[in-house]
Amino acid sequence: MIKHLLQEQLPHADGLQDEQRQAINEGFDRLRRAVDADDRPLIVGSAKELVEGVARVILVSYDGRVVPDQDPYDKVLGAAHKVIEHAVSLGIPRNDPLRQIPENAKKMAGQLRELRNSFGTGHGRSIVHEITDEVVEASVHASLLWVRWALARLHTALQGALAPLIRDLGDGIFYGGDLASRLASANIPDLDQPDQRRLGLAVGQRSARQTVNVRVEGIEAISVHPERWPDEYRNGALHGLFLNEDGQVFTYPYAIDSAVPALLNGHTAPDRLIQGLASKLASASWSVSFQNAFQDVLEAMHRTTRTLPEEARAPWTKLIEELKQLAPEAA
């Protein structure tokens with residue numbers, strides 16, 4: 001009755017390495033062979049191994065996390081589920097069916113450890129337990145339900161994986177809609193605050209290099225739904241707009257006019273954000289390009305003042321004056 005469940009191939013997740021895909025396919029084929037041979041202990045053991053193998057692939061493909069082989073099954077499964085659950089759309093409460101259904105699938109998969117301990121391969125036994133049709137069917141259903149959902153979600157999760165996204169912001173190509181899709185998949189509000197800041201910094205630095213699509217989709221888009229963009233992301237982006245990877249002051253005027261108001265309006269403490277930026281700029285050297293564009297940047301900063309929240313205007317004006325005083329002779 002369960003052979004038809006194994007006829008369809010598993011979902012294809014773009015972004016996996018060949019060896020990762022091979023590991024998943026080998027686990028799936030092992031389960032199919034066990035079912036074809038009606039090797040019931042191997043069916044139960046292979047069902048659990050397939051889930052664990054997919055979970056490990058999810059972790060290493062998402063953020064390079066190699067899990068020690070002695071880590072408990074439940075820990076590995078839980079960590080992998082958190083990665084792909086992270087891709088669930090914004091604004092869905094914890095008790096929504098779209099969250100509860102996958103959570104229940106994970107609970108089913110979690111029981112495979114106990115079934116394997118009682119009935120499956122991987123343990124020497126002094127007695128032989130009867131493995132009923134119900135045990136076999138429960139094992140295969142529990143395994144494939146979570147695995148199929150997980151691999152389908154992994155495609156979305158990998159789009160928003162932090163390490164490759166930040167790497168691509170360094171030197172990758174972004175066509176219209178690319179960054180918007182990947183930022184949505186990254187689910188920024190659910191990232192840890194240091195990761196929100198790292199991502200914002202990368203977006204800001206790429207925007208300062210005049211990549212228009214990144215500026216529009218990673219900063220100006222904040223104005224459309226400001227509640228979806230947390231403070232730490234905005235903090236990183238503002239610093240990235242003014243400080244390059246070498247810690248030098250680096251920006252251009254067109255970024256100031258549109259990006260700075262988007263970052264500050266809706267921020268819970270824009271005055272403190274500007275003060276923190278001013279402190280960094282005071283001790284940073286100026287890049288040659290910033291020295292050449294300094295007067296144009298100042299004009300853009302002056303124009304921007306009236307578009308900022310009221311509590312941000314005084315520290316912003318003070319920052320402009322401090323930059324004037326710091327200007328090298330050639331500026």
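**Reading helix packing and aromatic pairs**

Q: What covers the buried residues of helix 7?

A: The cover includes helix 2 (40-63), helix 8 (178-186), helix 9 (193-208) and helix 10 (212-218). Contact here means heavy atoms within 4.5 Å, and helices are DSSP runs (H or I, at least four residues) numbered from the N terminus. This is a predicted model, in which local features need pLDDT of at least 70 and side-chain atom pairs count only at pLDDT 80 or more, while totals for chains, interfaces and linings use all residues. Residues are numbered from 1 along each chain as its sequence is written, and side-chain values use heavy atoms, with hydrogens and water left out.

Q: Which residues of helix 7 are buried?

A: Buried means under 20% relative accessible area (1.4 Å probe, protein chains only). In helix 7 (residues 162-171), L162, P164, L165, I166 and L169 are buried.

Q: At what angle do helix 3 and helix 6 pack?

A: An axis is a line fitted to C-alpha atoms over the stretch in contact, and angles run from 0 to 180 degrees between N-to-C directions. Helix 3 (residues 73-85) packs against helix 6 (residues 133-159) at about 50°, and their axes are 8 Å apart.

Q: Which residues make the contact of helix 3 with helix 6?

A: Helix 3 contributes L77, A80, H81, V83, I84 and E85, and helix 6 contributes W146, W149, A150, R153, L154 and A157. By class, the contact has nine nonpolar residues, one polar and two charged (Ala, Val, Leu, Ile, Met, Phe, Trp, Tyr, Cys and Pro count as nonpolar, Asp, Glu, Lys and Arg as charged, and the others, Gly among them, as polar).

Q: Is H81 buried or exposed?

A: H81, which lies in helix 3, counts as buried at 2% relative accessibility. Neighbours within four places in sequence aside, H81 is in contact with P102, E103, K106, W146 and W149.

Q: How many aromatic pairs are there?

A: Rings of Phe, Tyr and Trp (its six-membered ring) pair if their centres lie within 6.5 Å; planes under 30 degrees apart count as stacked, over 60 as edge-to-face and the rest as tilted. The count by this rule is six aromatic pairs. The ring centres of F242 and W316 are 6.3 Å apart and the planes are at 75°, so this pair is edge-to-face. The pair links distant parts of the chain, with F242 in helix 11 (residues 231-242) and W316 in helix 15 (residues 310-326), 74 residues apart. F242 is buried at a relative accessible area of 0%, and W316 is buried at 0% relative accessibility.

Note on methods
Helices (H or I, at least four residues) and strands (E, at least two) are DSSP runs, numbered from the N terminus. Buried means under 20% relative accessible area, exposed over 50%, partly exposed in between (1.4 Å probe, protein chains only).
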